Amino acid sequence: METGGTAGTVSEIGIITTELNTPDNKKVIVPNSRVTGGVITNYSVNDKRRIDIIASISYKDNLDTVRKVLEEILTGDPRILEEPAPTIGVLELAENSIDFAVRPWVATADYWKVRFALMEEIKRRFDKNGISIPYPQKDVHLIKE
């Protein structure tokens, strides 16, 4: 759950405060006025969640090859749900890269395990297939007068 600017698992709801345990095992006490007066995001109430990854490639890379590699990665992981179907598409033609949106659905309990595994596998498979992950760069032209 996330509320009052804090994310964690609710351990206790009192009259004046709500206590949360954060993922790194801190206890956070949030005044109920921030809970009841703000937005509450519950990450675990639904049985499935969408993972949102942006995979950036160079403008020199082949879009069809990249899409094929990303599809193979998603279909190769049995934890990724068939329904709703994953989405793979060009999200943006950015300043230094072409950004693909990679959006598979997983069981909520598998969210972080699958997200971490996908990030590693994307890097490995991009390297194996000669797909470059660009970094911001600028060309500087010096003109001698």
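**Helix Packing and Sheets in a Predicted Model**

Trainee: At what angle do the axes of helix H2 and helix H3 cross?
Mentor: The model is a predicted one. In it, helix H2 covers residues 63-75 and helix H3 covers residues 111-128. Their axes come within 10 Å, and the crossing angle is roughly 140°.

Trainee: Which term describes the orientation of H2 and H3 to each other?
Mentor: The axes cross at roughly 140°. Angles over 145 degrees would count as roughly antiparallel, and 65 to 115 as roughly perpendicular. H2 and H3 are therefore described as oblique.

Trainee: Is the crossing of H2 and H3 left-handed or right-handed?
Mentor: The angle and the distance between the axes describe two packed helices. For H2 and H3 the axes come within 10 Å. The handedness of their crossing is right-handed.

Trainee: Which residues of H3 make the contact with H2?
Mentor: On the H2 side, the contact is made by Val 66, Val 69, Leu 70, Glu 72, Ile 73 and Leu 74. On the H3 side, the residues are Leu 118, Glu 121, Ile 122, Arg 125 and Phe 126.

Trainee: What is the order of the strands in the open sheet whose edge strands are E3 and E5?
Mentor: This sheet has three strands with antiparallel pairing. Strand E3 (9-13) and strand E5 (27-31) each pair on one side only. Neighbouring strands are turned by 30° against each other on average, direction ignored. The order is E3-E4-E5.

Trainee: Which residue of E4 is the bridge partner of Val 10?
Mentor: E3 and strand E4 (residues 17-21) pair in the antiparallel sense over four bridges. A hairpin of three residues joins the two strands. Within this pairing, the partner of Val 10 is Leu 20.

Trainee: Which residue in the turn between E4 and E5 has a positive phi?
Mentor: E4 and E5 run antiparallel and are joined by five bridges. Thr 17 stands opposite Pro 31 of E5. The hairpin has five residues between the strands, and a positive phi of about 70° belongs to Asn 25.

Trainee: Which residue in E6 stands opposite Glu 2?
Mentor: Another open sheet has the order E2-E1-E6, with antiparallel pairing. Its edge strands are strand E2 (6-7) and strand E6 (40-41). Two bridges join strand E1 (residues 2-3) to E6, and opposite Glu 2 stands Thr 41.

Trainee: What pattern does the protein follow along the sequence?
Mentor: The protein has three helices and eleven strands. Read in sequence order, they give the pattern β-β-β-β-β-α-β-β-β-α-β-β-β-α.

Trainee: What radius of gyration does the protein have?
Mentor: The C-alpha trace spans about 70 × 55 × 25 Å along its principal axes. A compact globule of 145 residues would have a radius of gyration near 15 Å, but the protein has 21 Å.

Conventions: Residues are numbered from 1 along each chain as its sequence is written. This is a predicted model: local features need pLDDT of at least 70, side-chain atom pairs count only at pLDDT 80 or more; totals for chains, interfaces and linings use all residues. Side-chain values use heavy atoms; hydrogens and water are left out. Axes are lines fitted to C-alpha atoms, for helices over the stretch in contact, and angles run from 0 to 180 degrees between N-to-C directions. Angles under 35 degrees count as roughly parallel, over 145 as roughly antiparallel, 65 to 115 as roughly perpendicular and the rest as oblique. A crossing is left-handed if the near helix is turned anticlockwise from the far one by less than a right angle, and right-handed if clockwise. Contact means heavy atoms within 4.5 Å. Two strands pair if DSSP finds at least two bridges between them. The radius of gyration is taken over C-alpha atoms; the globule rule is 2.2 Å times the number of residues to the power 0.38.
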